[in-house]
Amino acid sequence: MGRRARRRALSLLLVAPVVCGLLVAGTVASAWLLVGQPVPAEGATWFQVAKVGTAQVTAGPQQPFFALVLGTGARSDDPALSPDDPGLADAIHVIGVNPALKSATLIDIPRDTEGPGGNKLNSYIVSNPGGNDLRTEADAVSAVVGAPISWVIRANFPHFQQMVDEIGGIDVNIPAPMNDDFSGAHFNAGPAHLNGEQALQFSRDRHSFENGDLTRTSNQGLLIVSALQTLQAKHPSAGDTVRLIATLGRHTKLDGVGITDLFHMGDLALSFDPANVKNVVLPVALGGGSNLVKTGDAAGLLADFADDGVLQSH
């Protein structure tokens, strides 16, 4: 790979929604301010970033804030071309960010967790036809975790694969062997470098594990942290990243998101040490039917999370 291609891959590493939607949006905004604004979503739209709350990200001391990262099972942006899955939110992760502590926490939520009214949490994103689907999903997730969600980031299957391939893959330490024909995941435990197809297989596998979706959800969170580690291990220069990141704007759909907010968010995200990012699965157990419900352990964990975005005692 030539120098130009390597530099482009480094910059594109910032776009994967599994890295952190906040890092994605903030870095794109930084490039727009310094290089010149491209036309948003001029090319294929890889992901959507929407502001659904009132949180402000400004220079200086900042309050904790929360973002929702969603991976949908849709195989296409056109529901007619994805009849097997209208876009259910099969990957659900709430990221709490504490700017003062430069720390973050990922709460990984299994897709079958019960939401308000008894529906599965992955279904609210498609339950408001013609309305604000991201707002509906964010409200449902917020009710479960007890934290106000201000930002939502969404991508589907093909977007995810395209982005991971563009960045040159993700380095991840696979916790346990995977052998699942349903997802196509066939990996040994240990360090691995995953391309887009393999990263999607890793993220989808639930049949290799005794507790199924709980481990799958944890692995999705692990991939987020691993992508951030992969980025930082390459030590991209600020100049290279800023000059090239502007192209990412052509693949980003922004809804109600201010450029200034995103600029400060990008500065913040780039200052984080992945060691200060915790990855925790929401404690759940089987409830009515096939729904999962929060266990007694969830109450204390979520209270700890909601007060400042960081787990102090869990």
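What follows are my entries on the core, the charged pairs, a helix and a loop residue.

**Entry 1: the model.** I note at the start that this is a predicted model.

**Entry 2: the nonpolar core.** I began with the largest nonpolar core, which has 31 residues. Which residues have the most contacts inside it? I found Leu68, Ile109 and Val141. Next I looked up the elements that give two or more residues to this core, and they are β2 (65-72), β3, β4, α3 (133-145) and α9 (296-308). The largest share comes from α3, with 6 residues. A general point to keep beside this: nonpolar side chains tend to be buried together in soluble globular proteins.

**Entry 3: around Ile109.** I then asked what Ile109 touches, leaving out residues up to four places away in sequence. My list reads Ile92, Val94, Leu121, Val141, Val145, Thr217 and Leu282. Val141 turns up here as a contact of Ile109, and Val141 is also among the residues with the most contacts inside the core.

**Entry 4: salt bridges.** How many salt bridges does a search of the whole structure find? The search gives 5, and I wrote up some of them. As a reminder, side chains of opposite charge can pair when their charged atoms come close.

I took Asp90 and Arg111 to begin with; their side chains meet at 3.6 Å, N to O. This pair links distant parts of the chain, with Asp90 in strand β3 and Arg111 in the loop between β4 and α3, 21 residues apart. Are these two buried or exposed? Asp90 is buried because its relative accessible area, 18%, is under the 20% cut-off. Arg111 also counts as buried, at 18% relative accessibility.

Then I went to Arg135 and Asp139, whose side chains form a salt bridge at 2.7 Å, N to O. Both residues lie in helix α3, 4 residues apart, which is about one turn of the helix. Arg135 counts as partly exposed at 23% relative accessibility, and Asp139 counts as partly exposed at 40%.

My last pair was Arg216 and Asp213, with their closest N and O atoms 2.7 Å apart in a salt bridge. They both sit in helix α6, 3 residues apart, about one turn of the helix. Arg216 is buried at 7% relative accessibility, and Asp213 is buried at 11%.

**Entry 5: helix α6.** That pair made me look at α6 as a whole. The helix covers residues 213-233, 21 residues, and it reaches 30 Å from its first C-alpha to its last, close to the 30 Å expected at 1.5 Å a residue. Is α6 mostly covered or mostly open? I found it mostly covered, with 15 of its 21 residues buried.

I also checked Ser226, which is in helix α6. Ser226 counts as buried because its relative accessibility is 3%, under the 20% cut-off. Leaving out residues up to four places away in sequence, Ser226 touches Ile170, Asp171 and Val172.

**Entry 6: Lys102.** Last, I looked up a backbone angle. Where is Lys102 found? Lys102 is in the loop between β3 (89-98) and β4 (103-109). The phi of Lys102 is near 50°, a positive value in a residue other than glycine. I flagged it because most residues other than glycine have a negative phi. Lys102 is partly exposed, with a relative accessible area of 36%.

Technical notes
Residues numbered from 1 in each chain as written. Predicted model: local features only at pLDDT ≥ 70, side-chain atom pairs only at ≥ 80, totals over all residues. Heavy atoms only, no water. Buried < 20%, exposed > 50% of the residue type's maximum accessible area, 1.4 Å probe, protein only. Expected span 1.5 Å × (residues − 1). Core = buried A, V, L, I, M, F, W, Y, C linked by side-chain atoms within 4.5 Å. Contact = heavy atoms within 4.5 Å. Salt bridge = Lys/Arg side-chain N within 4 Å of Asp/Glu carboxyl O.
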